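Thanks for passing this one along.

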Amino acid sequence: MIAQINHNIFSAKISKIPTFFDNSSTGNTFLIISTLRPAQTKAEKMIKVNHAGENGAVNIYRAQRIVARFRSKSLVYQLEQNMEHELAHRKIFANYLVENGIRRCKSYFACGAGGYVLGFVTGIIGPGAVAATTYAVENVVLEHLEEQRAYLCNNDLAAHACVAQIIEDEKAHHDAAKDQLEENQLMTNILIQVVKFCTECVIRFGMR
Ligand SMILES: [Fe+2]
Ligand SMILES: [Fe+2]
């Protein structure tokens, strides 16, 4: 009830949010405001971190798609599809947070901005960097999702269901990117290290 009232109050502001902080596709996620309680259990913190991470993923693809329209048009459709998946994932986690009255992660906007910068830069470098970024991101993401799935099945079934819903999409993104990787292993390895470092920082920050 409180959540619905908050939604009515804050939904009017949605259209004023800049694009890469856009919440409109997450429906009632605008309920995730500072008056809600912080995540308390390990499971809640996992979902909160995943929600922020998905915002990063949405914005990587969003920026890559924009650049690809000029740089490599053949990638646009795939990037569009991936972005749609990430929007759906973000909504799944947002719904969990809303239903449990939990505040979103403080890193949410930083993840969105960081993802946008990463997507923009790699989009300009070209298709090889785009594939390497997706491969690196999904590699790290899948590792964490599998760990979470093992933990959540004994601790929070609703959170487990959220994680289980997105794994197939993430695997598909990973496998498609793997097929598109270019010979330049150095760039892939550098991106994996950068993405791993950033992901670890977000997780450590969010799980405190
Ligand atoms: Fe995702
Ligand atoms: Fe993905």
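The points below go from the overall fold to one helix pair.

1. A word on conventions: this is a predicted model, in which local features need pLDDT of at least 70, side-chain atom pairs count only at pLDDT 80 or more, and totals for chains, interfaces and linings use all residues. Residues are numbered from 1 along each chain as its sequence is written, and chains are lettered from A and ligands numbered from 1 in the order in which they are written.

2. The protein chain has seven helices and zero strands (DSSP runs, H or I of at least four residues for helices and E of at least two for strands, numbered from the N terminus). Of its 208 residues, 41% count as buried (20 or more other C-beta atoms within 10 Å of the residue's own, with C-beta atoms placed from the backbone).

3. Helix H2 covers residues 42–71 and spans 42 Å from first to last C-alpha, close to the 44 Å expected (1.5 Å times one less than its number of residues). Of its 30 residues, 23 are buried.

4. How does H5 pass H7? The crossing is right-handed (the near helix is turned clockwise from the far one by less than a right angle).

Methods. A residue is buried if 20 or more other C-beta atoms lie within 10 Å of its own, exposed if 12 or fewer, and partly exposed in between; C-beta atoms are placed from the backbone.
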